[in-house]
Amino acid sequence: MPGINTGDTAWVLTASALVLFMTPGLALFYGGLVRQKNVLSTIMHSFFAMGLVSLVWLAAGYALGFGPDRLGGFIGWGRYFGLDKVAFDAPGPVVGGAPLSGATPHAAYMIFQLMFAVITPALISGAFAERMKFSGYAAFLALWSLLVYSPVAHWVWGGGWLFRRGVLDFAGGTVVHINAGTAALACAVYLGRRRGWPREIAPPHNVPMCVLGAGILWFGWFGFNGGSALGAGAVATSAFVATHFGAAAALLGWAIPERIKHGRVTTVGAVTGAVAGLVAITPASGYVRPWAAVAIGFAAGMICFFAVNLKFRFGFDDSLDVVGVHLVGGIVGAVLTGFFADRGINAAGDNGAIFGNWAQVLDQMKGVGATIAYSLAVSFLLLWIVDATIGIRASEEDEVTGLDLSQHSEAAYSAGDAGTAVGHGAPVPGGLAAGPGAPYAPAPR
Amino acid sequence: MKMVTAVIKPFKLEEVKEALRAAGIQGMTVTEVRGFGRQRGHTEVYRGAEYQVDFVPKVRLEVLCEEGQVQGIVETIMKTARTGKIGDGKIFVTAAEQVWRIRTGEAGKDAI
C-alpha cells in the first residue's frame with residue numbers, strides 16, 4: 001500500500017485499543033469514589049459512552065472534527081459523514097504539510113481519534129455523579145460530543161485555527177482535559193449540589209476499585225500519548241517515557257504536601273496525584289525531555305492537591321474533582337509545554353521559553369483561553385436545552401434512593417442471593433418439597 | 001435460659017473466643033456491627049476533605065446459656081476483652097424464653 005508503514009500502523013491500532021481500555025478504567029476509578037448506591041450509574045456514565053459516542057462519531061462526529069476546514073478554522077464539513085471515503089488502504093488528507101494520519105491508513109487514525117472522543121465526555125461525568133438523570137445524561141453526551149468535542153478537536157488537530165497558530169498539544173491537553181474539565185465546571189454549577197453536600201456525603205465506598213481504575217488509566221495512557229506520535233519511532237518513545245515520568249513525579253508531588261498538611265500519605269491521594277500528572281504531561285509528551293516531564297508532573301501533583309479544595313471555597317459540588325484534576329492539571333500542562341518544548345525531541349514542535357521563545361507560552365495560553373470560553377458557553381447552553389426538554393437532574397426521591405436502583409433497576413452488591421426470579425427461569429412451585437430429606441415435623445414441647 | 005450479648009473490640013474476638021471455649025462454652029454467634037458510645041468516632045481524609053465517621057466497627061458476640069453459666073461467661077468476657085481504654089464495649093444479659101435445636105427438635109436446656 002503506498003504511503004503506509006506497517007510498523008506505524010501496528011502501533012496506532014494497538015494504541016487505539018489501549019486508549020479504549022482507559023474508559024472502563026475511568027469507570028472503576030470514578031465508581032470506587034462514589035457511594036455504594038450510585039456505583040453502577042457512575043460506571044455507566046463512562047461505559048455507555050463507548051456505545052453512544054462511537055455511533056455519533058461514525059455518523060457525523062469524525063466529519064465535524066476532521067472534514068475539510070470551514071468557517072475560518074472553526075469546524076470540519078463536507079466529507080466523511082458516515083465514514084464515507086475514510087480509506088483503509090491509504091493515508092488521510094494532507095493537513096499542514098503532512099498526511100493527517102501519518103504513514104497509517106486514514107481509518108486507523110479515525111479509530112484512534114474515536115477512543116479520545118469516547119473518554120472525553122466520560123471524564124466530565126465525575127462532576128455530575130450521583131445526581132444526573134440517565135436520559136438527560138445520554139442526550140447531553142451525544143450533543144456535547146458533536147457540538148463541543150468535534151469542533152475543539154478540529155481547532156487543534158484537524159487543521160483548525162489553533163493548529164495554524166502553532167499551539168502545541170501533543171495528545172489532547174486542551175482538546176480532552178481542559179475541554180472536559182471546563183464542561184465539568186458547567187455541569188457542577190448547572191446541576192447544583194448533591195443533597196447533603198458538603199456535610200453529609202459519605203466517603204468513597206471502594207478505594208481498591210479506584211486504585212485498579214487508576215492503574216488501568218496509567219497503562220492506557222501509554223497508548224494515549226505514545227500513539228499520538230502516529231508512528232512507532234523516536235517521538236512515540238519519547239512521549240511514552242515522558243508519560244511515565246510525569247505520572248511518577250506527580251504521585252510524589254501530591255503525596256509530599258499531603259504528608260505535611262494531613263500527616264498521612266493516602267491511597268486516594270497517591271492515585272489522584274498520578275492521574276493529575278498524566279493529565280498534565282498529555283500536551284507536553286512528545287515535545288519535552290524526561291527531566292522536564294518530571295518538573296511538569298511534580299508541579300501538577302502539587303498544584304492539583306491544593307486545587308481540589310477550590311470546590312469548597314467556591315461552593316460548587318464537583319463530585320469527583322474533574323475541575324481540580326483535569327481542568328487545573330490540563331492548564332498546568334498546557335502552559336508548561338510552552339516552557340519546556342524542545343525541538344531536539346520533536347522537529348515538528350517548537351522551542352519553548354527555556355530557549356527564550358516566550359511567545360510559545362503566550363500561544364499556549366491563547367489555546368487554553370479559547371477552549372475554556374467555548375466549552376463553558378456551549379456546555380451551559382446544552383445543559384439548558386436538555387433540562388428544558390427531557391430534564392437533567394434526578395428527582396429528590398431517586399437521588400436519595402440511589403441512581404443504581406432508580407435509574408437502572410440494579411444493585412451493585414446484593415445482600416446474599418435473596419432475590420426470587422420472576423418471569424423466565426422462575427423456580428417450579430413446590431420444587432423444594434420434592435428434594436431429599438424428611439419433611440419437617442415440630443417436636444412436642 | 002439467658003442470652004449473653006457482648007459488644008467488643010474486633011481485635012479481641014479471637015482471645016475472647018478461646019477463653020470461652022476453654023471455659024466449656026459450646027457455641028456462639030458473631031456479627032460485625034458498627035456503633036458508638038462514649039468512644040468518639042474517627043476522621044478519614046480523602047483528597048484533603050475530612051470525613052467524620054461516627055460509627056466505629058465492633059463485634060457483637062452472642063452466647064446462649066443456662067442461668068448458672070451467666071456469671072462465668074460474663075467474667076471471662078470482661079477479663080479478656082478489657083484493654084482499659086475507652087471503647088472496650090458492653091455486656092448485657094437478656095432472658096431467652098425458649099430454645100429449640102432445629103435438627104432434632106430438642107427444646108430447652110437440651111438444645112443449648
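**View 1. B:Gln39 lies in the loop between S2 and S3 of chain B.** Helices (H or I, at least four residues) and strands (E, at least two) are DSSP runs, numbered from the N terminus. The model is predicted: local features need pLDDT of at least 70, side-chain atom pairs count only at pLDDT 80 or more, and totals for chains, interfaces and linings use all residues. Residues are numbered from 1 along each chain as its sequence is written, chains are lettered from A and ligands numbered from 1 in the order in which they are written, and side-chain values use heavy atoms, with hydrogens and water left out. Beyond its neighbours within four places in sequence, B:Gln39 is in contact (heavy atoms within 4.5 Å) with B:Val56, B:Lys58, B:Ile86 and B:Gly87. B:Gln39 and B:Ile86 are 47 residues apart along the chain, and their C-alpha atoms are separated by 5.7 Å.

**View 2. Strand S5 (residues 56-65) of chain B pairs with strand S1 (residues 2-8) of chain B and with strand S2 (residues 29-35) of chain B.** Two strands pair if DSSP finds at least two bridges between them. S1 and S5 run antiparallel and are joined by seven bridges; here B:Val4 stands opposite B:Val63. S2 and S5 also pair in the antiparallel sense, over seven bridges, with B:Thr31 opposite B:Arg60.

**View 3. A salt bridge links B:Asp88 and B:Lys9.** A salt bridge is a side-chain nitrogen of Lys or Arg within 4 Å of a carboxyl oxygen of Asp or Glu. The N to O distance of this pair is 3.5 Å. B:Asp88 lies in the loop between helix H2 (70-81) and strand S6 (90-95) of chain B and B:Lys9 in the loop between S1 and helix H1 (13-22) of chain B, so the pair ties together parts that are 79 residues apart in sequence. Over all chains, the structure holds 19 salt bridges.

**View 4. Ten residues of chain B are in contact with 19 residues of chain A.** The two chains bury about 1300 Å² between them, 62% of it on carbon and sulfur atoms; buried area is the accessible area (1.4 Å probe) that two parts lose on being put together, summed over both. In chain B, B:Tyr46, B:Arg47 and B:Tyr51 lose the most area to chain A, together 56% of what that side buries. One salt bridge is found across the interface: B:Arg47 pairs with A:Asp321, the closest N and O atoms being 3.0 Å apart. Strand S3 (42-46) and strand S4 (49-53) of chain B are the elements that give two or more residues to the side touching chain A.

**View 5. Helix H1 (residues 6-33) of chain A has 28 residues.** From its first C-alpha to its last, H1 reaches 41 Å, close to the 40 Å expected at 1.5 Å a residue; the expected span is 1.5 Å times one less than the number of residues. At the start of H1, a side-chain oxygen of A:Asn5 comes to within 2.8 Å of the backbone nitrogen of A:Gly7.

**View 6. A:Trp197 and A:Pro198 are joined by a cis peptide bond.** Omega is about 5 degrees, and A:Pro198 is placed in the loop between helix H6 (173-191) and helix H7 (207-226) of chain A. In the loop between strand S2 (75-76) and strand S3 (94-95) of chain A, A:Leu83 has a positive phi of about 60 degrees although it is not a glycine.

Key. A polar contact is a pair of N or O atoms within 3.5 Å; within protein, one must be able to donate a hydrogen and the other to accept it, and residues adjacent in sequence count only if both atoms are side-chain atoms.
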